[in-house]
Amino acid sequence: MAHLALYRTYRPQDFTEVVGQKHIVQTIKNQILNDLLAHAYVLTGPRGTGKTSIARIVAKAINCTDLQAGNPCSACESCLAVANGNHPDVFELDGASNNGVDEIRDIRERVKYSASLSAYKVYIIDEVHMLSTGAFNALLKTLEEPPAHVIFLLATTEIHKVPETILSRVQRFDLQQIPTGDMAQLITRILGELGVNYEDGAPDLIASLAAGGLRDALSMLDQAIAYSTDGLRLADIHELNGSVSAAALVQILEGVVVGDFAGVAESARALLASGKLPARLIDGLLSLLRDVLKVQKIGGEDVTGLAGKMRATQVLAYIRKLNALAHDLKIATDAALILEIGLIELGLDEDAPAQVTTENTPAKAQPLPDYSAQFERLTKQINTLQNEITRLKAQQKEAMTAPPAPTPIALENEVPIYVQGELMQEELMPEIPEKPTEPNTPPTDEPLLIETVLASATKQDKEALQNKVAAANPFADLAIKEFVMYLKDAEIAAASPTGCILVYDYETTVQKLLTDQARAKVHQLLSDMLEKPYEFLAMPKDFWQAQRGKFVTASKQGEKPVLEQYPQRTEAKLTSTMVTETAEEPFYQEVVDLFGDLVEVHE
């Protein structure tokens, strides 16, 4: 005898065997018991959730001669005929292959005649959304006013393709995806009945891979049983379905967390070489991160150990990036390359390696800075400004009431000047000598090192500096345009409260920046932007990547990193920097200090 597929062998024969659709089963049973049957129903939902099975059970129940509390007996002549597919009053049509006007007209002619064996004629139309427009129009009148002995049961996976005129004439039931736990319970029962040994977690794995479709789950189980020779194993299920084991997923995420990007890339390449699909890998990582987030926010056993090594915000950031990566993979010409880059990119937003905590102890929160001193200083400056504005308004009022001053007449080679309100002619006034520029040497403390910047780097400092650089206008002062562009062209790889690391694609750019003049002016620009002395290190991208890798490795091993430093001078030692001369009165200088670029002084 030929093997019968499991999804056919275990197709539900009555309402009690339907899995995961209690709201529909209970409603229809009550309608049958209370003689409240509608003349037409539409069952919609994902594939493999029981639409056709429920339609057949309804056909059995309404014609059963020995109804059991709303359930068909599955033993009378009518029930057996429906189960065998040869009931003369139960008609099943496939909407995909019988979608023309002629087939529906034939139904309209036959519904006039009474049932031959049972009380009702039942028409089950599967994939009803495939009917043509003409067929829907032909069905419309029959659905609206069918004979009392006729019941229509329509099934579809794409309810949006069914015309509203049809939907308004039927009772609609929406089937849900079947819960993973319910499917796993059924699979466990089937394995027991078949006498098949299985590893712990195998039923749950099959149920989760089926994504809510019981037919898919049973087909997968059928295939896995045939593949395995010594029982159902997790490795066999992963191999058959192209899914990735939990151990491999945990290894990738741990590599991302600690910054072992070489290991992450190697793991991804190995999985793809073994035949795993990139989309399956992304799905597995998303499911794993969801479980980690549940443990962190709801509680439960941390089976993977990741919940204690990651922050909740970090988990959410990874989930968002993986969702974007899943979209990119759909349109990528080289999915393997995009996957590898995307996995490495997961952890690149961290300025320093993530803090790994033990057990379930969350990472220690950084204390918030104290801004009380700055607030007090700004309050005093605002008060001073308000007093000065009051004084200036009073002076302006006095000036408006004073008599007009005489119009000055400029004589040849002379400059008009006012002394105590009277016009006097004097010789051409001598030029006022410019104030000499004072050298402004950067702090001579210990030199800035790559490891010191990384050890104290924060995301807030990096974002603050990026925002300042992005807002800088290189054309506001053409004398420093070149040096502003040095900052805009740089990748700000890391930033701490005292200094940052600027990375460039080409070493020639770095060499130009590290000349005495350029380095001094860029240092001054950074200090002005952040309103404090601020240092920087510049280096080529390949040099930076090598040193960052050494830093990550040393930190992971619990050692103090000692890195190679890129030379920060290409000429003689820096002796002077850019100095901005201010000639305003003390009050105007206070206003500029308080409001920055918003202040304009008109002579």
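1. Helix H20, covering residues 481-489, packs against helix H22, covering residues 516-530, at an angle of about 70 degrees, and their axes are 9 Å apart. That angle makes H20 roughly perpendicular to H22, a label given to angles of 65 to 115 degrees, whereas angles under 35 count as roughly parallel, those over 145 as roughly antiparallel and the rest as oblique. The axes are lines fitted to C-alpha atoms, for helices over the stretch in contact, and the angles run from 0 to 180 degrees between N-to-C directions. Helices (H or I, at least four residues) and strands (E, at least two) are DSSP runs, numbered from the N terminus.

2. This is a predicted model, in which local features need pLDDT of at least 70 and side-chain atom pairs count only at pLDDT 80 or more, while totals for chains, interfaces and linings use all residues. Residues are numbered from 1 along each chain as its sequence is written, and side-chain values use heavy atoms, with hydrogens and water left out.

3. Which residues of H20 and H22 meet? From H20 come Phe 483, Val 484, Tyr 486 and Leu 487, and from H22 come Ala 518, Lys 521, Val 522, Leu 525, Leu 526 and Met 529, where contact means heavy atoms within 4.5 Å. By class, this contact of H20 with H22 has 9 nonpolar, no polar and 1 charged residues; here Ala, Val, Leu, Ile, Met, Phe, Trp, Tyr, Cys and Pro count as nonpolar, Asp, Glu, Lys and Arg as charged, and the others, Gly among them, as polar.

4. Helix H22 also holds His 523, which is buried, with a relative accessible area of 5%. Buried means under 20% relative accessible area, exposed means over 50%, and partly exposed lies in between (1.4 Å probe, protein chains only). The side chain of His 523 reaches the backbone oxygen of Tyr 534 at 2.9 Å.

5. The largest nonpolar core has 40 residues, and those with the most contacts inside it are Ile 450, Phe 536 and Met 539. Such a core is a set of buried Ala, Val, Leu, Ile, Met, Phe, Trp, Tyr and Cys residues joined through side-chain atoms within 4.5 Å. If neighbours within four places in sequence are left aside, Met 539 is in contact with Ile 450, Ile 501, Leu 502, Val 503, Tyr 504, Val 510, Trp 544 and Tyr 566. Apart from this core lies another, of 33 residues, including Val 244, Val 250, Val 257 and Leu 322.

6. For the protein chain as a whole, there are 24 helices and 10 strands, and of its 603 residues 40% count as buried. Among contacts between residues at least 6 apart in sequence, 73% join residues at least 24 apart.

7. Two individual pairs can be checked by their C-alpha distances.

Definitions and conventions:
A polar contact is a pair of N or O atoms within 3.5 Å; within protein, one must be able to donate a hydrogen and the other to accept it, and residues adjacent in sequence count only if both atoms are side-chain atoms.
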